[in-house]
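Open the model in your viewer and keep the selection tool at hand. This tour moves from one stop to the next.

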Amino acid sequence: MAVDCGNGMASLVTPQVLTTLGASVRSLNANVDGHFTARESKPTPESLADLRRFVANSDVAFGIGHDGDADRIVILDEAGEVVHEDTILAILAERAVRESTAIDPVVVTTPNASGRIDQRVREAGGRVERVRLGALHEGIATVRNNATDETAVAFAAEPWKHIHPRFGGWIDAVASAAVFTRLVAESGLDALRGPVQERPYRKESLDCPDDRKSAVMDSLKSSLPDTFPDADVATEYGIRLDIPDGGWTLVRPSGTEPYIRIYAESESVDNLVETVTECVDTALDR
């Protein structure tokens, strides 16, 4: 396997941990450099270009990319292509639930996380609770405060960031690297991905001034359910609609930029995004 540590703190840990666990590790950018001279700190398909080429042109089974503070993890398949973050989340969540000793194991995730996670967790005997973006610890605390003796948080994650409660209460991509490497060693990446139903996914951003966001979202609380009358609707953290065909969409205001965000996953994702965009545009024009 190959690891691009991005000149960050993972340089001090991930190669050593994986080697200690018995993996054969090829390391890239594994020296700490606060100026991040090798590549942009955030691990994206573009910034991981060197790792992608290395994986695609070598005999390693998969690749791992980290960011500067080692709280993000990106997985590449043997062809050097990025594996969708929700697929990785689903794999780790399912395994955490299966290995939990609790009668009621819970996975905490965010509204923009895929239904593929719910599917794998449900089949493993657990359930999913969602919390707003950036509030995984809040979500864990809420589950625990409402828990019975039979309940335990088995795993918590938002895209690229994972918490493994059995190891600690913090976001830890090094732990994810170790757990995921063990799973690949046991089963192979293709076998891990096989049960995960991957539907087409899109994310769009529509311009919206900050002072219009509240009014637009209030309008969408009625117009979106009217447009998708058969959908299950949740409005705690934006507006999420789970559609009977297994697809879903989430509309939420950006907390940092003048945008309304649209997330969608469906076999007909382009049609879904087009319909949702029309609803948002109508709300913006009012």
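## Stop one: a serine in a loop

This is a predicted model. Select S47 and show its surroundings within 4.5 Å. Leaving aside neighbours within four places in sequence, S47 is in contact with R39, E40 and K42. Now look at the backbone around it. S47 sits in the loop that runs between β2 (26-28) and α2 (49-56).

Is S47 buried or exposed? Its relative accessibility is 12%, so S47 counts as buried, because the cut-off for buried is under 20%.

A polar atom of the S47 side chain lies 2.8 Å from the backbone nitrogen of T44.

## Stop two: a pair of parallel strands

Select residues 104-109, strand β5, together with residues 127-130, strand β6. The two strands run parallel, and 4 bridges join them. Show T109 in β5. Opposite T109 stands R130, in β6.

## Stop three: the cysteines

A disulfide needs the sulfur atoms within 2.5 Å. By this rule the count of disulfides is 0.

C208 is buried, because its relative accessible area is 1%. End at C5. Its relative accessibility is 0%, so C5 also counts as buried.

Conventions
Residues numbered from 1 in each chain as written. Predicted model: local features only at pLDDT ≥ 70, side-chain atom pairs only at ≥ 80, totals over all residues. Heavy atoms only, no water. Buried < 20%, exposed > 50% of the residue type's maximum accessible area, 1.4 Å probe, protein only. Polar contact = N/O pair within 3.5 Å; in protein donor to acceptor, adjacent residues only side chain to side chain. Pairing = 2+ DSSP bridges.
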